[in-house]
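Colleague: I have a model open and would like to learn how to read it. Can we go through a few features together?

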Amino acid sequence: MVKAFFGIREGRFIDPSDSRGVLVDCTGELRLNLLVDKIGRERFKDIDGVIVYEDSVTDFLDLFFGKRAPGCVLRVEPRGSEEGAGREWAEKLVVNALRRDFSALIYRLTIGHEDERLDSSSMSAMTMLSTVCNEYELPLIAEAAPRGERVTRENYVDCVGLAARMAVEAGASAVAVPFLGDPEVFRKVVDAVKTPTLLIDPLCGYTLLKPRSSLQETVRSLLEAGLNGVILGSSLARSRNPDKLLADTLSIVHGGAGVGCR
């Protein structure tokens, strides 16, 4: 079942016609200038959303103008302490993002540390961001990324599910989760959070489990399990033919339609 996104800003990075989207993360292995060099400006227009740091988008503002331009999603870095993630911090971020016409914020929620203060700090920042984003009607995507010392292969799926539920309870507009192995396990997480769900690039360093099949096959199987889209990054950076990989993924996610037609 396809879950609906609501709101004008969500529609900038998720195609409202099918509630699906392909986002590209340019804050890790892949950077915005490298992405444009690898795929070209025309292919860039087919992407639904691009995740960036605020300072990295300055020289590429023209890429985000026009009807076919992808939505621009601002990555928010975790704070070092609960005190540093207060209302003033969150409101400054959100107001500045709106002034610069970002379509959404994305924040990585990490849990599973031996030092529980780290989990508490991450969750406090997530909650404050969600509160302020909801007040200003700016979407917030939460990446559920357990990485602490308490996270093991045996409890990884449970930790991801817990982080995703915590993010939604805090008010996140959408969640992004790593590869979880069996599509049916993924379906259970999707059903539990009851909010639009994206797949974090399986080659990202923040994922513990790796698929044995190709990215295209993985995305196709997870779409059937309720996936709304995928965030690409490392897979494009490492691909010998990133343009084809991106085109294939766009076609799969949007059912063979919408590519080049937005």
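Modeller: Start with one term: a residue is buried when its relative accessible area is under 20%. Keep in mind that this is a predicted model.

Colleague: How do I use that on a strand? Which residues of β7 lie on one side and which on the other?

Modeller: In a regular strand the side chains alternate between the two faces of the sheet. Strand β7 spans residues 197-200. Thr197 and Leu199 are on one side, Leu198 and Ile200 on the other. These four are all buried, and both faces of β7 are covered.

Colleague: Which strands pair with β7?

Modeller: Strand β6, residues 174-177, pairs with β7 in the parallel sense over 3 bridges. There, Val177 has Leu199 as its bridge partner. Strand β8, residues 229-232, also pairs with β7 in the parallel sense, over 3 bridges. Leu198 stands opposite Gly229 of β8.

Colleague: How does the chain cross from β7 to β8?

Modeller: Through helix α7, residues 215-223, in a right-handed β-α-β crossover. β6, helix α6 (residues 183-193) and β7 also make a right-handed β-α-β unit.

Colleague: Now helices. How do I describe two that pack?

Modeller: Two packed helices are described by the angle between their axes and the distance between the axes. Take α4 (residues 116-136) and α5 (residues 156-170): their axes come within 8 Å and cross at roughly 35°. α4 contributes Met123, Met126, Thr127 and Ser130 to the contact, and α5 contributes Met166, Ala167 and Ala170. By class, that contact has 5 nonpolar, 2 polar and no charged residues.

Colleague: What else can I read from α4? Which of its residues are buried?

Modeller: An α-helix has 3.6 residues a turn, so residues three or four places apart point the same way. The buried residues of α4 include Ser122, Met126, Leu129 and Cys133. Their cover includes β3, α3, β4, β5 and α5. As for length, α4 has 21 residues and reaches 30 Å from first C-alpha to last, close to the 30 Å expected.

Colleague: How exposed are Asp101 and Lys194?

Modeller: Asp101 has 41% relative accessibility, so Asp101 counts as partly exposed. Lys194 is exposed, at 67%.

Conventions. Residues numbered from 1 in each chain as written. Predicted model: local features only at pLDDT ≥ 70, side-chain atom pairs only at ≥ 80, totals over all residues. Heavy atoms only, no water. Axes fitted to C-alpha atoms, helices over the stretch in contact; angles between N-to-C directions. Helix = DSSP H or I, 4+ residues; strand = E, 2+ residues; numbered from the N terminus. Contact = heavy atoms within 4.5 Å. Nonpolar A, V, L, I, M, F, W, Y, C, P; charged D, E, K, R; others polar. Buried < 20%, exposed > 50% of the residue type's maximum accessible area, 1.4 Å probe, protein only. Pairing = 2+ DSSP bridges. Right-handed = clockwise from strand over helix to strand, strands pointing away. Expected span 1.5 Å × (residues − 1).
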